[in-house]
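These are my notebook entries on one protein structure, kept in the order in which I looked things up. The sequence and the model come before the entries.

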Amino acid sequence: MYFGVSAMLWLEFFRSHPWPLPAMRAWIGACLCPILFSGAVEILQEYATDYRGGEWLDFAANSLGALTASLLAWYIVAPWFGRTYRGRAAQS
């Protein structure tokens, strides 16, 4: 799930920000925020419910999903998106 969340945040970031991208803001918004949200959900599951429990492996899997999506977005999608965006801007 967090792979998809992070991927959608990256795509929205690429679409709505001018190139060159502000890299630190992108990594905080599209990678760190889903990881922090995942941690908050696991803490709430442990302490705010009687029928659910927070798991470290769930948190690790969620973090790995967000990090994988972020790395794929930054190193594969961003170069392609940048070429496409600059190409469209040059044609206009």
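I began with contacts, which I take to mean heavy atoms within 4.5 Å. Among contacts between residues at least 6 apart in sequence, I found that 68% join residues at least 24 apart. I note here that the model is predicted, that local features need pLDDT of at least 70 and side-chain atom pairs count only at pLDDT 80 or more, while totals for chains, interfaces and linings use all residues. I also note that residues are numbered from 1 along each chain as its sequence is written, and that side-chain values use heavy atoms, with hydrogens and water left out.

Entry: overall make-up. I looked up the secondary structure, in which helices (H or I, at least four residues) and strands (E, at least two) are DSSP runs numbered from the N terminus, and it comes to 3 helices and 0 strands. Read along the sequence, the pattern is α-α-α. For burial I used relative accessible area, with buried under 20%, exposed over 50% and partly exposed in between, taken with a 1.4 Å probe and protein chains only; of the 92 residues, 29% count as buried. The accessible surface, from the Shrake-Rupley method with a 1.4 Å probe and, for residues, only the protein chains shown as cover, comes to about 6,300 Å², of which 69% belongs to carbon and sulfur atoms.

Entry: I searched for salt bridges, each a side-chain nitrogen of Lys or Arg within 4 Å of a carboxyl oxygen of Asp or Glu, and the structure holds 1. Arg 15 forms this salt bridge with Glu 12, and the closest N and O atoms are 2.7 Å apart. The two residues are separated by about one helical turn, because they lie 3 residues apart in helix α1 (residues 2-16). Arg 15 counts as exposed at 53% relative accessibility, whereas Glu 12 counts as partly exposed at 39%. I then turned to Val 5, also found in helix α1, and noted that Val 5 is partly exposed, with a relative accessible area of 34%. The C-alpha atoms of Val 5 and Ala 69 are separated by 8.7 Å, although these residues stand 64 apart along the chain.

Entry: helix α2. Which residues of α2 are buried? I listed Ala 26, Ala 30, Cys 31, Pro 34, Ile 35, Ser 38, Gly 39, Glu 42 and Gln 45.

I followed up two residues from that list. Ala 26 has a relative accessible area of 1% and is therefore buried. Leaving aside its neighbours within four places in sequence, Ala 26 is in contact with Trp 10, Phe 13, Cys 31 and Trp 74. From Ala 26 to Phe 13 I recorded 7.0 Å, C-alpha to C-alpha, for a sequence separation of 13 residues. Gln 45 is found in helix α2 (residues 23-47) and is buried at a relative accessible area of 14%. Not counting residues up to four places away in sequence, Gln 45 touches Arg 52, Gly 53 and Gly 54.

Entry: helix α3. I looked for patches, made of residues with over 30% relative accessible area and no salt bridge, with like charges joined within 9 Å and nonpolar side chains (Val, Leu, Ile, Met, Phe, Trp, Tyr) within 5 Å. Phe 3, Leu 67, Leu 71, Leu 72, Tyr 75 and Ile 76 make a nonpolar surface patch of about 580 Å², and the largest share of the patch, 5 residues, comes from helix α3 (residues 56-91). Leu 72 lies in helix α3 and counts as partly exposed at 38% relative accessibility. Trp 56, which also lies in helix α3, counts as exposed at 71%. Trp 56 and Ile 43 are 13 residues apart in sequence and 9.9 Å apart in space, C-alpha to C-alpha.
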